[in-house]
Amino acid sequence: MRSKDRISYFYDGDVGSVYFGPNHPMKPHRLCMTHHLVLAYGLHNKMEIYRPHKAYPVELAQFHSADYVDFLHRITPDTQHLFLNELARYNLGEDCPVFDNLFEFCQIYAGGTIDAACRLNNQLCDIAINWSGGLHHAKKCEASGFCYINDLVLGILELLKHHARVLYIDIDVHHGDGVEEAFYFTDRVMTVSFHKYGDMFFPGTGDVKEMGEREGKFYAINVPLKDGIDDTSFTRLFKTIIAKVVETYQPGVIVLQCGADSLAGDRLGCFNLSIDGVDLLIVCFLAGGIATLLTGHAECVRFVKKFNLPLLVTGGGGYTKENVARCWTVETGVLLDTELPNGYLVVPNKIDFLAEIPENEYIKYFAPDYSLKIPNGHIENSNSKSYIGTIKMQVLENLRCIQHAPSVQMQEVPPDFYIPDSDEDEQNPDERVDQHTRDKQIQRNDEYYEGDNDNDQNMDDV
C-alpha cells in the first residue's frame, strides 16, 4: 500500500470562460466554480497544480478523423453559415453549437487528460485529476451530446502505451457511448458504465446485452438503471460489480469518469444520488450506539481509490452547476484523503450537518445554506430489488465468460504526445505571444502561484 498518494491536478481558467449560448444546459463556468471551491478549502496546497498544454491537431487526430479536427479548427460563429453541409455531417447544431473559441476549449480539456495520462505513465504521480475532461459522447467523426473531442479516448490511448489493460469506469447518468464504441472490439480496454437506460433517454444505448464484439466480447459492461435510483442501491451495486471487474480483469490503470448529472436535482438527470450520503444505522443492544455507512457519488470514488492502482479522474456531465462544484470539490478531498470541514457530525441518534462553505469568489451560488450538502432527490425509485438483482446477475455472468486477464506482446513503448518544434527565429517580434506559447518556451516547474500572480483569481461570471 502506498504511503501517500501523489496527486496532479490540471486546470486552466480559460476552459471555464466559454459560452455555449443562451438556454444551453452546458455551463463550463462550473469549472471555475469548482476550482475556486478547491482553493477555498486549501486543497491546492496538497496537490501539484498544472496548466495543461493545448492539444495539437495531430494529437486529437490520434482518435478523431483529420478532416473533422480540421473543421473544428476552422469553423467560427461568423462563418458557420457557409458550411451547412459540413455542420450536418459532423453533427454540429443545437446540442453541439459553434461558439467563440470552440477549438481552443477542446484543446485545453483534451490536453489536460492527455497530460494526466502522461504523468501517470511516467510514474510522476499516483492520481491525476482533470475536472474539465470526461466528454464521453464524442465520436471519431462527429460531435455528440455537448462533446466535440473525446478526451477520454485520447487519454486511454496514451495509457495503452505503458499498460496492457486499462479499466474505464463511468458514473455519469448518460451512457459512456463514445468511449465504449472506440474500444468495442478490443480486450485491452474494459469499459464499465452505470447509467439511465430506456424511455428514449440520451444516447439510447447501453443495454446490458451490449457487451463488445470479436476480441472485445465481454469487455464492455453496461449497467442500465431506471429513474430514481438511490444512494444505497447504487453504491452496493457499484461496489459488487467493480470489485469483481478488478479481480477478473486485473487492470494496470483505471480511468474514472465522474459525471455529476447522476446527482439528485440535476437539470438533465433522473437519479437520487447524494454527493456523500450517510446511512444511519441505530445499533440497539446494550447501551445502544450508532454506526454509519457512507454511500453516494463520492463513495464510488473512494472505493475505486482503495484499489491503489494508478488513477485518472475526470469530470463529465452535470447541469446544476453549484452541485457540480460541490461534488467535484468533495471528490478532490476524497482523492487527497482530506475530509472537508463541512462534513457530518454524529450526535445521539442522528446526524447533523456542520457549517458553511468558506468564502470564495462564487459564494453567492451556494445560498441559502452555504453547505456542501445537496437537497434530497424526490424521484420515485423505479429500480426494484428484483430488477437490480437481475442486472447484477447478468453482469457477473458475463464476467465469468472471461477466462483470464488478457495479455499483450512486449514491444517498444511509443513516445509521449507529439509536440512540434517551434522556431524562435520565425516568430514575429511585433506579434503578441499568449501565455501557452510562453509556457512552451521555458522549462516550467508548473508550481501553483498564490496571490497577485494567480490569473485565475480574476475570472468573471459568465
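Mentor: Happy to! Let's begin with a word we'll need: a residue is buried when its relative accessible area is under 20%, exposed when it is over 50%, and partly exposed in between, using a 1.4 Å probe and protein chains only. What you see is a predicted model, where local features need pLDDT of at least 70 and side-chain atom pairs count only at pLDDT 80 or more, while totals for chains, interfaces and linings use all residues. Residues are numbered from 1 along each chain as its sequence is written, and side-chain values use heavy atoms, leaving out hydrogens and water.

Now the whole chain. Of its 462 residues, 55% are buried. The chain has twelve helices and twelve strands; these are DSSP runs numbered from the N terminus, with helices (H or I) of at least four residues and strands (E) of at least two. A contact here means heavy atoms within 4.5 Å. Among the contacts with a separation of 6 or more, 78% join residues 24 or more positions apart.

The spot I'd pick is Leu92, in the loop between helix H4 (84-89) and H5. Its relative accessibility is 9%, so Leu92 counts as buried. Leaving aside residues up to four places away in sequence, Leu92 touches Phe71, Leu72, Leu87, Val98, Ala143 and Tyr148. Take Tyr148 from that list: Leu92 and Tyr148 are 56 residues apart along the chain, with 8.7 Å between their C-alpha atoms.

Tyr148 also leads us to the nonpolar core. Such a core is a set of buried Ala, Val, Leu, Ile, Met, Phe, Trp, Tyr and Cys residues joined through side-chain atoms within 4.5 Å. The largest one has 134 residues, and Tyr148, Met190, Phe234 and Phe238 touch the most other members. Helix H5 (residues 102-121) gives the most to this core, with twelve residues. As a general rule, nonpolar side chains tend to be buried together in soluble globular proteins.
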